[in-house]
Amino acid sequence: MLAKPLLLFAPIVLFASAVIDAREPQSPSRTGITSPARSTSEHKIVRARELGVPLDGTPDKFNAITDVGGVEVGYTTLIEGEGKLVVGQGPVRTGVTAIFPRGHASNDPVYAGVFSLNGNGEMTGTAWVEESGFLEGPVVITNTHSVGVARDAVIAWRNAHGGTDAQGLFSLPVVAETWDGWLNDLNGFHVKPEHVFHALDSAQGGGIEEGSVGGGTGMICYEFKGGNGTASRKIDMKDKTGAANTATPARSFTVGVFLQANFGRRPQLTIAGVPIGKEIPGEVYKNETGSCIAVVATDAPLLPHQLKRLARRVSLGLARTGSVSGNGSGDLFIAFSTANPGASDSEQLTHSVETIPNDRMDPIFAATVQATEEAVVNALIDNQSMTGRDNHHVDAIPHDRLRKILRKYNRLQSSRAPK
């Protein structure tokens, strides 16, 4: 078996958060990292709702993709160096994110569907997802020029953990990217297999960190500091009045969205219907060069064609924040359902699976749109300013100014503001 790597890179500042409740301070004994780039004890977590942003829908416990039972997230964050870019040496502002539908100990595929809003990007393995209807293994997200090493590392990790196809012949991992070259030494190829292994091995459920961690470390969104954002929605559904079994109690389902936000120009940014980007003008670069990768998880029993429909709805959530999905943006989305375990088991000739009729999916569509919108706003708000290569600097969105603008437009929910 492949040995687990020892992450002892003295000159590289690593932070692998995944994953325990992000409301608790990380400790070296829990992460295996002795030099974290930041810890939750140093960085006060403030998310959109706590800041007073009015948002539709009811979040689940953690308001994260990990509210969907079994979903686990792991990070490796790479931060090193300052000043002038020296290719191969840094500065480094990048990382890896790993998302497991049923946890990193499971090899049970899930029904899945994919959608490309704008294809100027990469998400490997999607041809087989489209063909088979299943996602086999994790979704890994990193920077544009680390897709190859991440894909190969996922194959090696799955081989070591017995997670290739049923015959042990091949693996076609889903690895996606967004471009972090404004802040990161992109052509220095700093992501190594051991960094991917660590993100995979450290994946856990519970609350997860957002902002500049994992694959989102060097990302920019609406010309503010961007990166990772997540949110969830809990919905109750029951049989229609007049159905034979109307006495059946309502069933609760959860939809969770995780995205790596690296898109948009400042004037486009809209939060809760307010033109925030026009109220806080600014420019980082002349042309948009970003993208958005989104992962939608649900425990609602949906089939692959229905999950493709769900992935499409990410587009509407992004549009609520102002995105036009520019020509240079790789906006690629994947949705999966953790329902129907064992559906891909070839030992059994036939399977009975559960599903929700198409004409009952509107609440699930709405939940996806709402969670996507909130995930983008969380990625902006739960973040910090960053300086990277060639002293390129990107500001985090200023909380006080955001609240002042929301109040100006009568959109601030003061009851949700931090005490």
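Colleague: Is N340 buried or exposed?

Modeller: Buried means under 20% relative accessible area, exposed over 50%, and partly exposed in between, with a 1.4 Å probe and protein chains only; at 12% relative accessibility, N340 counts as buried. This is a predicted model, in which local features need pLDDT of at least 70 and side-chain atom pairs count only at pLDDT 80 or more, while totals for chains, interfaces and linings use all residues. Residues are numbered from 1 along each chain as its sequence is written, and side-chain values use heavy atoms, with hydrogens and water left out.

Colleague: Where is N340 found, and what is its phi?

Modeller: N340 sits in the loop between β13 (330-337) and α9 (362-381), helices (H or I, at least four residues) and strands (E, at least two) being DSSP runs numbered from the N terminus. Although N340 is not a glycine, its phi is positive, at about 55°. E223, also not a glycine, has a positive phi of about 60°; this residue lies in the loop between β8 (220-221) and β9 (224-225) and is buried, with a relative accessible area of 1%.

Colleague: Which peptide bond is cis?

Modeller: The bond from G90 to P91 is cis, with omega near 5°, and P91 belongs to the loop between β2 (72-80) and β3 (92-100).

Colleague: How many disulfides does a search of the whole structure find?

Modeller: A disulfide is a covalent bond between the sulfur atoms of two cysteines, identified here as a pair of cysteine sulfur atoms within 2.5 Å. The search finds zero: the closest cysteine sulfur to that of C221 is in C292, 7.5 Å away, and therefore too far for a bond. C221 is buried at 0% relative accessibility, and C292 likewise counts as buried at 0%.
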